[in-house]
Every structure is written in structure tokens, then in C-alpha cells.
Amino acid sequence: VLAQNAVHGAMAGFSGITIGKLCSRYVYLPIHAITNQKGKNVDIKGKSFLNLINSTTQPDFTPEGMSRMTSVREVRADVLDFLSEPASVNSLLHVGDEVRRLDVASLSSMLTS
């Protein structure tokens, strides 16, 4: 779809434009308006970047000596390791604390239609 719109723009005589999707519509955007924008930093160890690399099957360009996470699961595990620390149940509960079981109820059984 992007290529079709680019060809239509070229055949209409436009130059210095690119095609973009804005609010579910394809629009012509001036290239200078895009290139003059402040650059954004991408977290190369983040989940979004990892999904991009995996979905486009790009080769690994990681420099020697640096490691790159290979799966979304590793990213999640890394975040969980960073945010949590192991603890025993005995260290979390104190004398007099109550442990209760939560029952999950289906709202559809409680409400009549």
C-alpha cells in the first residue's frame, strides 16, 4: 500500500515526499518535515526492538564483546530479576497474619440478561 501511494504521488508530480499513515489514512509527508525532527533513542535491549529484529529476521550486528538478548522471554526474565528478589514465605508472614483463599466468580452467573 505504501509503494502504491508512493507511485501515485510520483505520477502526480510530487517530489520530496514520503508516504505515512496518520489517523488510519495514508498521507503525503514532506521529507524535510520528517528529517528535521529531533531524533529518538531506542532501547536496543528493550522488548520492542527485540520484536522488530525477530520479525524482520535481520542478522545480528552486535559488536564483539557485547551481548544481545535473543528472546522476549529473556527480556522479561531480566526485568523480573531486576525488580524482584527471592524471599521465603516465612519472612513475608508475621505472627497473627491471616492467609485467605480468593474465590473467582463469574460475573455472568451473577447477572441476569
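The legends below describe views of a predicted model.

Local features are given only at pLDDT of at least 70 and side-chain atom pairs only at pLDDT 80 or more, while totals for chains, interfaces and linings use all residues. Residues are numbered from 1 along each chain as its sequence is written, and side-chain values use heavy atoms, without hydrogens and water.

**View 1. The protein chain has six helices and two strands.** Helices (H or I, at least four residues) and strands (E, at least two) are DSSP runs, numbered from the N terminus. Their order along the sequence is α-β-β-α-α-α-α-α. Of the 113 residues, 9% are buried (under 20% relative accessible area, 1.4 Å probe, protein chains only; exposed is over 50%, partly exposed in between). The chain exposes about 10700 Å², of which carbon and sulfur atoms supply 58% (Shrake-Rupley method, 1.4 Å probe; for residues, only the protein chains shown count as cover).

**View 2. Strands β1 (residues 17–22) and β2 (residues 25–30) run antiparallel.** Six bridges join the two strands; pairing requires at least two bridges found by DSSP. Thr 18 in this pairing stands opposite Leu 29 of β2. Two residues lie between the strands of the hairpin, where Cys 23 has a positive phi near 55°.

**View 3. Val 89, Leu 92, Leu 93 and Val 99 make a nonpolar surface patch of about 410 Å².** Patch residues have over 30% relative accessible area and no salt bridge; nonpolar side chains (Val, Leu, Ile, Met, Phe, Trp, Tyr) are joined within 5 Å, like charges within 9 Å. A salt bridge is a side-chain nitrogen of Lys or Arg within 4 Å of a carboxyl oxygen of Asp or Glu. Val 89 belongs to helix α5 (residues 89–92) and is exposed, at 56% relative accessible area.
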